[in-house]
Amino acid sequence: MRVLVIGSGGREHALCRSLKLDPQVSELHCAPGNAGIEEVATVHSVDPLDPGQVAELALRLRVDLVVVGPEAPLVAGVSDAVREAGIACFGPSRDAAMIEGSKTFAKEVMNAADVPTARARSCVTEAEAAAALDEFGAPYVVKDDGLAAGKGVVVTEDREKALAHARACERVVIEEFLDGPEVSMFALCDGSTAVPLQLSQDFKRAYDGDEGPNTGGMGAYTPLPWAPEGLTEQVMREVVHPTIGELTRRGLPYQGVLYVGLALTSKGPKVVEFNARFGDPETEVLLDRLETPLGGLLMACATGELGLDPVFKDGSAVTVVIASENYPEAPVKGDVIRGLQETANAYVLHAGTKRQGDEVVSNGGRVLNVVGHGPDQESARQAAYDLVGRIELRGSFHRTDIAR
């Protein structure tokens with residue numbers, strides 16, 4: 001099959017790498033791509049937020065499947081335009097993608113489906129926000145209602161800081177704080193059926209020890225040897241199936257991947273957030289361990305023919321994000337990157353990079369994902385950090401405690 005991937009980050013490089021390894025995939029394209037993706041796929045210049053441009057490119061390339069990576073094109077209606085052009089698409093419709101595009105909508109769906117989640121209030125005015133902060137108390141959790149690239153959430157003990165974030169957003173969801181470790185679970189959905197992927201965990205804060213501002217994610221690992229037995233089955237039963245059932249009831253059958261961010265609280269697992277696409281950087285480690293060919297899986301989701309659960313290889317994978325100077329506030333771009341050669345047990349996935357003559361330079365906040373794998377978590381972790389130590393990027397930083 002001929003496949004077109006939409007996006008330009010580490011998640012899309014991971015998708016392209018896995019699709020390239022699938023013998024069913026005869027031709028691989030990506031738009032707009034990055035310096036790493038162009039080594040495994042033919043890249044094309046396109047505005048990923050323009051549904052007409054994406055559909056036109058897919059028709060011109062005569063692809064069999066379009067895979068939409070990021071959330072913004074989904075909320076812009078790219079998958080709808082591709083399907084209208086008669087091409088199979090992995091990714092929910094614009095209306096179904098509001099499960100991520102609006103925190104208020106997601107809470108409405110969860111409440112209707114009786115999905116366990118934090119109590120919350122949707123607030124537009126400062127007075128509403130102040131009342132909600134007082135109702136739930138510290139630590140305060142304030143979420144931008146719309147898309148914010150993983151950086152729209154403030155969790156703080158400082159009421160004024162929480163109120164300032166609410167003031168800066170058009171609408172916010174303020175909710176009670178959920179205690180306990182966070183876990184990521186992805187479910188592949190074909191409109192009526194859903195199957196789980198392996199559990200993973202990402203690290204949102206910028207610095208070691210979960211200090212600093214929220215980011216798009218600074219690293220991840222899979223599997224989770226400490227996860228409670230039966231957690232996946234419980235989440236499918238209590239969260240995924242009720243949620244896709246409620247969306248179907250609303251006339252929004254869900255095709256693609258549903259990302260469930262969970263807090264394992266003292267009262268059981270509760271949903272922190274939904275995403276309408278593969279999480280980044282969890283995708284990088286999950287696809288490293290995925291044994292089932294990816295192309296066939298994604299096509300089955302897009303055509304309503306999802307069957308058996310995906311199979312994963314034994315062992316562990318760990319990814320460490322190398323971020324540019326000043327990320328996440330005002331990332332510095334344009335610095336040359338060296339030392340990108342893979343080792344026996346680790347390789348580099350590009351996120352914010354571009355080619356400048358013969359050089360690869362930084363072109364974003366999260367620049368690289370270094371993926372290590374091995375028979376256990378510690379060996380995978382060591383492989384990742386060994387390669388991180390060989391990479392040179394002026395002013396860059398990374399966390400040293402991923403998967404520890």
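Predicted model: local features only at pLDDT ≥ 70, side-chain atom pairs only at ≥ 80, totals over all residues.

Entry 1: I then asked in what order the five strands of the open sheet run. I read the order as S12-S15-S18-S23-S20, and the pairing is antiparallel. For the edges I found strand S12 (201-202) and strand S20 (346-350), each of which pairs on one side only.

Entry 2: I looked up how many bridges join strand S18 (residues 316-323) and strand S23 (residues 366-374). I found eight bridges, in the antiparallel sense. I also checked Ser316, and its bridge partner in S23 is Gly374.

**Entry 3: helices on the sheet.** I saw helix H1 (residues 10-21) packing on the sheet, where it touches S20 and S23. The direction of H1 makes about 120° with that of S20. Helix H10 (residues 282-289) packs on the sheet too, and I listed its contacts as S12, strand S15 (219-222), S18, S20 and S23. For H10 and S18, I wrote down an angle of about 150° between their directions.

**Entry 4: Glu12.** I went back to helix H1, where Glu12 is found. Is Glu12 buried or exposed? Its relative accessibility is 2%, so I put Glu12 down as buried, the cut-off being under 20%. I then found a polar atom of the Glu12 side chain 3.4 Å from the backbone nitrogen of Ser8. Leaving out residues up to four places away in sequence, I have Glu12 touching Val5, Ile6, Gly7, Ile37, Gly69 and Pro70.

Note on methods:
Residues numbered from 1 in each chain as written. Heavy atoms only, no water. Pairing = 2+ DSSP bridges. Helix = DSSP H or I, 4+ residues; strand = E, 2+ residues; numbered from the N terminus. Contact = heavy atoms within 4.5 Å. Axes fitted to C-alpha atoms, helices over the stretch in contact; angles between N-to-C directions. Buried < 20%, exposed > 50% of the residue type's maximum accessible area, 1.4 Å probe, protein only. Polar contact = N/O pair within 3.5 Å; in protein donor to acceptor, adjacent residues only side chain to side chain.
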